[in-house]
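Thank you all for making the time this morning.

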Number of protein chains: 2
Amino acid sequence: MRIVLIGTGNVATRLGLALHARNAEIIQIFGRSAANASQLAASLQCRYTVSKSEIKTDADLYILAVSDDAIAEVAAMLPKGGDRMILHTAGSVPMGILDPFSSNYGVLYPLQTLSRQKEIDFSNVPVCIEANTPSNLEKLRILAATISEQVVVIDSDQRRNLHLAAVFVCNFVNHLYAIGEASLKEQDLDFNLLRPLILETAEKAMLFSPREVQTGPAVRGNKTVIEKHLQMLEKHPEWKKIYELMSRDILKQSGRLGRGADWETRGL
Amino acid sequence: MRIVLIGTGNVATRLGLALHARNAEIIQIFGRSAANASQLAASLQCRYTVSKSEIKTDADLYILAVSDDAIAEVAAMLPKGGDRMILHTAGSVPMGILDPFSSNYGVLYPLQTLSRQKEIDFSNVPVCIEANTPSNLEKLRILAATISEQVVVIDSDQRRNLHLAAVFVCNFVNHLYAIGEASLKEQDLDFNLLRPLILETAEKAMLFSPREVQTGPAVRGNKTVIEKHLQMLEKHPEWKKIYELMSRDILKQSGRLGRGADWETRGL
């Protein structure tokens, strides 16, 4: 299967490297920036182009690892007709966006935070696939199974729900890490002090249901500590709002709202 | 150093086991529940009591691993006079709370989420110590160094700031995991799909500054996805508020607020 990889960002890089490591035949990179495209092409030992007229027409598969807004625009540039299959890799874009551009299309969505800077063992990355026909799905399943041990068939609606959940457990979680980092910096304390806690909290979620192992002042309804913390957050109104909202929701999810925890009566 | 350990909860259990593994001489457990106290005493191969009149008077060190509200009450039960040292283990309680009860006191605060159910390598747990005199601090440092490779001297004010940061990066993070878990459950999707993402997000924070590796729709100012997500969250008003607040704060911290990202004009 001859593959043209479109994009040079985090997803294109990590997906390209994973495919290359499994001997997939990537024949070309297409990207807007010659610097990025040539760098990725060097890693994948293939050619690259920045000109849409030079996109190879004899590939079997075109993988669009580009920003959501660019998918339709880039798909429109691709060679028409034949058996060529087009994939996108986005969480929140329905598969149907590709319908005008090919009779063979699908989605390959790696449910992971990918960075150019950080290597990853792709075999542990859940890869969510969807295709417009059963035979395309089968092709896609075979391809995905070469790079990941966790291939799941997920439709567009499930995928956008997964993406939303991923925003909570990855992007928002990372923002909480950033708040921890910033607040330690204010105290001239080293962020390394928090790192073991961050890792252990994640490792706990590998073993247990997060809801069942919730700890901290909110789930205990510890009014004294919560009020102290809210006072300490006076100079950071956004963090204070996050604290109030999270604490209230923790209490609610724990089923203790309305019984036992008296700080809730403050209207938090 | 003969130690009486007071409490039978998560901290008492993990700290007790770590001390025991390093051959510390724990001579007695004191707890309210005979079941819990006898179980922990069996693990630590020591005696236990549930009666305050039976607390051993010939120990050198009394470690109070009890809830914040119980510290003063339990400290008041301890034998008075002599060289006995009293420690508490709480993040948000000033050391001075122990002043009325002994002339030798301090704090040993393990900055980690500890559970009876989950073993932990205590040598990686940052242990924050504070004492009322330099010689007590030295004693405490020697004790703490037997169980942890990361012993740091932290005063009460710094400690409460650390504790607040820990609430963000542990308790609130875990709540975001719980939201992810609940939202997948609604879609009949397996939480295992999110677990690799959760672990990778934490591992990224081991290597990088979280602020610098923030990803997702908010930091990119991706209005289309953000609005789609907010629509999807209509039936979960609390999650929607968390989504709005976090997204807005991510954008603010990234320095992009006010330039580039147009969804902010909706007043999120």
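Let me start at the boundary between the two chains, keeping in mind throughout that this is a predicted model. Across the interface of chain A and chain B there are 38 residue pairs in polar contact, both residues of each pair being at pLDDT 80 or more. On the side of chain A that touches chain B, at least two residues come from each of helix H5 (156-186), helix H6 (195-207), helix H8 (223-232) and helix H9 (237-253) of chain A. It is H5(A) that gives the largest share of that side, with 25 residues. If we sort the side of chain A that touches chain B by class, we find 47 nonpolar, 27 polar and 16 charged residues.

How many residues does each chain bring to the contact? Chain A brings 90 residues and chain B brings 90 residues. As general background, the size of an interface is often given as the accessible area lost when the parts come together. Here the area buried between chain A and chain B is about 8900 Å², and carbon and sulfur atoms give 67% of it.

Charged pairs also cross this boundary, for the interface of chain A and chain B has four salt bridges. In one salt bridge the side chain of Lys252(A) meets that of Glu238(B), at 2.9 Å from N to O.

Now, how are the two copies related? Chain A is superposed on chain B by a rotation of 180° with 0.0 Å of shift along its axis, and the RMSD is 0.0 Å. That is the relation of a two-fold axis. Within chain A, the C-alpha nearest the axis belongs to Val173(A), at 2.7 Å from it. The copies meet through the same surface, because 100% of the interface residues of chain A are also interface residues in chain B.

Let me finish with contacts inside chain A. Over all chains the structure holds six aromatic pairs. Among them is the edge-to-face pair of Phe168(A) and Phe172(A), with 5.1 Å centre to centre and 75° between the planes. Both of these residues, Phe168(A) and Phe172(A), lie in helix H5 of chain A, four residues apart, which is about one turn of the helix.

As for salt bridges, the count over all chains comes to 16. One joins the side chains of Asp58(A) and Arg2(A), at 2.9 Å from N to O. Asp58(A) sits in the loop between strand E3 (47-49) and strand E4 (61-64) of chain A, while Arg2(A) is in strand E1 (residues 2-6) of chain A, so the pair ties together parts that are 56 residues apart in sequence.

Conventions
Residues numbered from 1 in each chain as written. Chains lettered and ligands numbered in written order. Predicted model: local features only at pLDDT ≥ 70, side-chain atom pairs only at ≥ 80, totals over all residues. Heavy atoms only, no water. Contact = heavy atoms within 4.5 Å. Buried area = accessible area lost by both parts, 1.4 Å probe. Polar contact = N/O pair within 3.5 Å; in protein donor to acceptor, adjacent residues only side chain to side chain. Nonpolar A, V, L, I, M, F, W, Y, C, P; charged D, E, K, R; others polar. Least-squares fit on C-alpha atoms with pLDDT ≥ 70 in both. Phe/Tyr/Trp six-rings, centres within 6.5 Å; stacked < 30°, edge-to-face > 60°.
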